[in-house]
Number of protein chains: 2
Amino acid sequence: MFEEKKAEWLRIAESLKPQLRRETVRPMAGMPDHALAENESVILDFGNHFVGRLTLKLSSQGSHPDAPVWLAVRFCENARELNETLDGYAGWISKGWVQQEQAHIDVLPAALALPRRYAFRFVKIDVLALSSKYRLVLEDAFAEAVTAADDSAVSKLTGDERDIAMDRVALRTLRNCMQDFFEDGPKRDRRLWLGDLRLQALTNSVTYRNFDLVRRCLYLFAYAADGEGRIPACLFTEPQVEGDDTYMFDYSLFFIPTLLQYADASADRETARDLLPLALHQLMLAEKQFDPETQLIRDCERLGWCFVDWALALNKQFCAQAIWIYCAEAALQLKADPALEERIALRREAARKHWYDPERHLFLSGAQRQVSWASQVWAVLSGIAEGTDAAACLDAAALCPDAVPMVTPYMMHHYAEALCRVGRKAQALKVIRDYWGAMVDQGADTYWELFNPADPDESPYGSRVVNSYCHAWSCTPAWFLRSGILEENT
Amino acid sequence: MFEEKKAEWLRIAESLKPQLRRETVRPMAGMPDHALAENESVILDFGNHFVGRLTLKLSSQGSHPDAPVWLAVRFCENARELNETLDGYAGWISKGWVQQEQAHIDVLPAALALPRRYAFRFVKIDVLALSSKYRLVLEDAFAEAVTAADDSAVSKLTGDERDIAMDRVALRTLRNCMQDFFEDGPKRDRRLWLGDLRLQALTNSVTYRNFDLVRRCLYLFAYAADGEGRIPACLFTEPQVEGDDTYMFDYSLFFIPTLLQYADASADRETARDLLPLALHQLMLAEKQFDPETQLIRDCERLGWCFVDWALALNKQFCAQAIWIYCAEAALQLKADPALEERIALRREAARKHWYDPERHLFLSGAQRQVSWASQVWAVLSGIAEGTDAAACLDAAALCPDAVPMVTPYMMHHYAEALCRVGRKAQALKVIRDYWGAMVDQGADTYWELFNPADPDESPYGSRVVNSYCHAWSCTPAWFLRSGILEENT
């Protein structure tokens, strides 16, 4: 499918590859005031979160070095990472993501250019070995920080100081994920994910307004669609553009609202026209997941078949139905289609009929009729919940202690958006302040991939050491605070 | 001293910097026949000892790699090193010498060029991390091996097969230490030491005959002499030529016989003339160590003031006297000097009178009148022991269980040479076969810095992991076997 378009789509994507902005930054604190001996450590604090390459200028004090310097260098996005180690690591995400290097330096003075790009605020340097005849002098440390974002494109926010701080952290998060493409996280996975892209593009539209980068990413996904025209959940750009073999029901469909939002914000109708058939094709591919009798989506055993949130216990059946409806609505805005309109109505109705518990005011999911926050949120965003039921189901979730909780800023975004949708704008702002504001209170320079205010040390990966502390899907406070969606009269 | 000569001496040294010979080598065994998973290891066996840079060609099998490869790569000169680790390392030589690297590879396929020059036969690769979605394919592994030695310059040795094997290992040792200069060991310390150079130059004269490299090293030492004209024990060439601040009584003096041996072997009288004043100056500097009354050298508390052997318990006083005489004799051969001839005679006589125990037939050393093998060996080589006393003292050491033993191949060389000097050529050959031959029997491709046949695991450094298994001063079996010194009629 679409194979005849692929070469052109790739050409467009590559033509939009950004020239990264480069800035030389130095630590604001931590440069040692003395020459270092074996087993000494220093922690450089660059004062903010950066993405880039580090160079250490090294020399020696004492006799001519008669043995190599052996250093360990660790990059931490966040002060809490400084105390974490890989000792006894039992997480299931590759520990290869932990940003640590070792280097031997045979000749001093030397400029040690660390070999990779890192995401960091802190750099910890351990002197693993020297000889007793000399000490190591750290003459200079500097990073070339990179981003595709233009800080000058963003207007100043005024108002509440804590809101301004939340916005600043959101901007930093988005900015540092804006590289050759919209990365999900510059520490990990450094990949283009559709779920992240959707929220990045949204926030970008009221901040950096780098629409070329959004357009590039849309075309990258178009190119990466598989033989059946299915858009993968994420893709790689190195060594060449290639879709991952991971597909998620919701992520493939989110190509549609992402395309719509891009076209509306950028006024680039041409791209919308060019990619519309591929977008609509995602709806078509989703059809086989539906039971034509009941118009209900079939549940699926495969973990991660539909993402919704980073909650292993969450049943996704209801949310998948809702997300299909949400995306089909976006398709209608891209192109009127009475048959689709009718199908949406049928599926809303079926969902209501099958999954709504009118006594508890809750939307249920799966054979076990599971109650979750996610189901209520997507009931609202999809319009399955309508009228007073919409606000009621959100309230009901709060009163249901067994409701599967929300885990990620990504899911919290949808919750806050749902609150806005039902007119609860002050409550939405409170949610944002309580949730993202708590990360700011914890000293975040960028928002984290995962955050549980009740347990800031939580990780779904079995170890915090692989957590990502600058994660694209967490950047939306800037959108809430800048788009006008929180204003009472909108 | 000699400051007006220094620029020219450095110019000559640098003009003689060799063009290294380069050879691409690949493992003879150990290339994996399957793609590697996390925690797998491979051991590549290059079939012989090499010095050079390694490149690994890597690709992946399975899904597109979704996390970096994290590798540890360890270079071992010797199979015994494969089982050693730095865990709990308590040696006093810098553990920075252990040839191990870590690398993260973000994009596959990749050619990973390890960052340093290594000395190795074996390369152990540990896959520290991958993701579960792919495996690592080691497509190719090759090293660019370097040496300044020209293998084709060496004639074929005939005769006893084990002798031929001993010679082969000696040649390999010397060859792999022949780089930009005569290194003491290509793993560690990778430096130009006078004690090593003397034996390398000797062996070179009957094997590779790269006299330019010897001449270069003589001029490097000349340039590196300090403000008083004292030649350091060793020197560095990077980032620029600089003498180490380590001075040893014997090593400074050994400049003289090294210069003589070079001039004789190469017939380059010009260099001998040019450097003669500096050589004679070393004798002059040694004068302040002598008591003018007794003509005996004064002992010194400082550990390592005079090297002789790697034996901490060894008293060096007698050996220092003997080495001064040995070197003064070399000076006489470079330039007749009746006053010096007289002084040598006086000091031989003083040494005999003061330190010879005629009942035990042993030369003693120090206030404690210590018996050591080293003292007997140097008594012979210096001519302090004369006539039948010479062979007798060597025999007496063998009968004295308390004699401080010999530790290094460097000292064993002098023992074997002393045996030749007293006409015990068959015994010298037996010593060489028993000592160096035992390393060959242990599978050595190159001779070790340190070897105790009774305890091959011994290390004076507190840990074997920093031992050097290709060490210049151990290369002299090729000299013994090729120079004719072992032949009965010489």
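Two residues are taken to be in contact if their C-beta atoms, placed from the backbone, lie within 7 Å. By that criterion, the contact in this predicted model takes 28 residues from chain A and 28 residues from chain B. On the side of chain A that touches chain B, the elements that give two or more residues are β3 (69–76) and β4 (100–105) of chain A, and the largest share, 3 residues, comes from β4(A). Sorted by class, that side of chain A has 11 nonpolar, 7 polar and 10 charged residues.

How are the two chains related? A rotation of 180° with 0.0 Å of shift along its axis superposes chain A on chain B, with an RMSD of 0.0 Å, and that is the relation of a two-fold axis. In chain A, the C-alpha nearest the axis belongs to Gln102(A), at 2.9 Å from it. Because 100% of the interface residues of chain A are also interface residues in chain B, the copies meet through the same surface. As to confidence, the predictor gives the complex an ipTM of 0.96 and a pTM of 0.96, while chain A averages a pLDDT of 96, with 100% of the residues scoring at least 70.

In chain B, strand β3 (residues 69–76) is mostly covered, since 6 of its 8 residues are buried. β3(B) is joined by 6 bridges to strand β4 (residues 100–105) of chain B, and the two run antiparallel; β3(B) also pairs in the antiparallel sense with strand β6 (residues 118–129) of chain B, over 7 bridges. Val73(B) illustrates both pairings, for its bridge partner in β4(B) is Glu101(B), and in β6(B) it stands opposite Ile125(B).

Chain A also holds an open sheet of 3 strands in the order β13-β14-β15, with antiparallel pairing. Its edge strands are β13 (356–357) and β15 (370–371) of chain A, each of which pairs on one side only. Between β13(A) and strand β14 (residues 362–365) of chain A there are 2 bridges in the antiparallel sense, and Asp357(A) stands opposite Leu362(A) in β14(A).

Turning to a helix, α4 (residues 211–224) of chain A has 14 residues, which at 1.5 Å a residue should span 20 Å, and the end C-alpha atoms are 20 Å apart, in agreement with that expectation. α4(A) is mostly covered, with 12 of its 14 residues buried; among them are Leu213(A), Arg215(A), Arg216(A), Phe221(A) and Ala224(A).

Some backbone details remain. A cis peptide bond, with omega about 0°, joins Leu108(A) and Pro109(A), and Pro109(A) lies in the loop between β4 and β5 (110–113) of chain A. The peptide bond from Glu238(A) to Pro239(A) is likewise cis, with omega near -5°, and Pro239(A) lies in the loop between β9 (234–236) and β10 (242–243) of chain A.

In chain B, Ala267(B) has a positive phi of about 65° although it is not a glycine; this residue lies in the loop between α6 (255–266) and α7 (269–286) of chain B. Ala267(B) is exposed, with 10 other C-beta atoms within 10 Å. Gln295(B), also not a glycine, has a positive phi of about 65° and is found in the loop between β11 (290–291) and β12 (296–297) of chain B. Gln295(B) is partly exposed, with 18 other C-beta atoms within 10 Å.

Key:
Residues numbered from 1 in each chain as written. Chains lettered and ligands numbered in written order. Predicted model: local features only at pLDDT ≥ 70, side-chain atom pairs only at ≥ 80, totals over all residues. Helix = DSSP H or I, 4+ residues; strand = E, 2+ residues; numbered from the N terminus. Expected span 1.5 Å × (residues − 1). Buried ≥ 20, exposed ≤ 12 C-beta atoms within 10 Å, placed from the backbone. pLDDT = per-residue confidence, 0-100. Pairing = 2+ DSSP bridges. Nonpolar A, V, L, I, M, F, W, Y, C, P; charged D, E, K, R; others polar. Least-squares fit on C-alpha atoms with pLDDT ≥ 70 in both.
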